[in-house]
Amino acid sequence: MILKQKIFCSKTYVLLILQFFIMFIYTNGLVECSDAYEYPCAPWILAFYFSSAYVILINSFLVIYYFSDAPFMQYYNIYKIIRYGRTMYAVANIVAVCVQAFGFMVVSFLLSIICLFGRIDFTCGWGKLLHTIALTNGIESFQIYMDISYESMKQFTALELVGLTIVIGTLVFSFVGLLMYIISLYFSRVAASIIAVIMATMAFMTEEAIPIVARPLSYVSPISWLHVARIKMKVMGVYVLPPLWYIIIFLIVGISLCISLILYKSRTVEFEFYKED
């Protein structure tokens, strides 16, 4: 019931429209390139979608907006808390945050296919068009705002990199949502939003920084890990992202810690309900 309410709400519909608009802008260059070369495009561009610092920043703001109602104390939830109890209500919200994060990534993947409708080559590989762009100046010629890296194509198969992008994206956005949840419980919703915005801004700065500066920043900037194509890749001789094992362990431990603190605080916190649709 709680999950259904969170998914089928006005925020979700607004988010879908904004996601589609952003994806349309960032795939337009690929559409033009596909038409010019007369090659269809493999449906795996999500692997490179988060290669832009601006895409990471904008999508982070969308997720912050999506979870800005944490700790989910709207007046219409009073009876749900009474019905389920404090702990089960918190568990339901934790599950909802994680499902929403996964849904955000899946929708991004589906929208990337929709925006390339009519020009899709359903292959398990990277396809001729993406290889051509990676090995030529196609990015500059058609104003493609993605870093389609041949080095990443050599490191990962298309299915591996897209799957990894969805998994890490889900973990990152779950961590952001649960962190906002716990901060809003211990402090306030405003504090939660401010911390999340700082995290998003830090990810943008990490993406734009020179490699020798970006590397240490990336170890404490989880949102920057959305640029999954950079894993195992050197820029100017420097690995700009932490190793995959570090990313996975950090996010799992961080999510687990947030869940523990949420469940503990939910038992004793004095709820302050507010009016919001």
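Student: What makes α10 and α11 a contact?

Tutor: Contact means heavy atoms within 4.5 Å. Phe175, Val176, Leu179, Met180, Ile183 and Ser184 in α10 meet residues of α11, including Arg189, Ala191, Ile195 and Met199. This is a predicted model: local features need pLDDT of at least 70, side-chain atom pairs count only at pLDDT 80 or more, and totals for chains, interfaces and linings use all residues. Residues are numbered from 1 along each chain as its sequence is written, and side-chain values use heavy atoms, with hydrogens and water left out.

Student: How do the residues of the contact of α10 with α11 divide by class?

Tutor: They divide into 10 nonpolar, two polar and one charged. Ala, Val, Leu, Ile, Met, Phe, Trp, Tyr, Cys and Pro count as nonpolar, Asp, Glu, Lys and Arg as charged, and the others, Gly among them, as polar.

Student: At what angle do the axes of α10 and α11 cross?

Tutor: Roughly 145°, and the axes of α10 (residues 158-186) and α11 (residues 189-208) come within 7 Å. Axes are lines fitted to C-alpha atoms, for helices over the stretch in contact, and angles run from 0 to 180 degrees between N-to-C directions.

Student: Is the crossing of α10 and α11 left-handed or right-handed?

Tutor: Right-handed. That term applies if the near helix is turned clockwise from the far one by less than a right angle, and left-handed if anticlockwise.

Student: How do α6 and α10 pack?

Tutor: At an angle of about 145°, with their axes 8 Å apart. Their crossing is right-handed. Among the residues in the contact are Phe102 and Phe109 of α6 and Gly169 and Tyr181 of α10. By class, the contact of α6 with α10 has 14 nonpolar, six polar and no charged residues.

Student: Why are α2 and α6 called oblique to each other?

Tutor: The axes of α2 and α6 (residues 86-114) cross at roughly 45°. Angles under 35 degrees count as roughly parallel, over 145 as roughly antiparallel, 65 to 115 as roughly perpendicular and the rest as oblique. α2 and α6 are therefore oblique.

Student: How do you know what span to expect of α2?

Tutor: The expected span is 1.5 Å times one less than the number of residues. Helix α2 (residues 10-37) has 28 residues and reaches 40 Å from first C-alpha to last, close to the 40 Å expected.

Student: Where does α2 bend?

Tutor: At Thr27, by about 40°. The bend is the angle between axes fitted to the seven residues ending there and the seven starting there.

Notes: Helix = DSSP H or I, 4+ residues; strand = E, 2+ residues; numbered from the N terminus.
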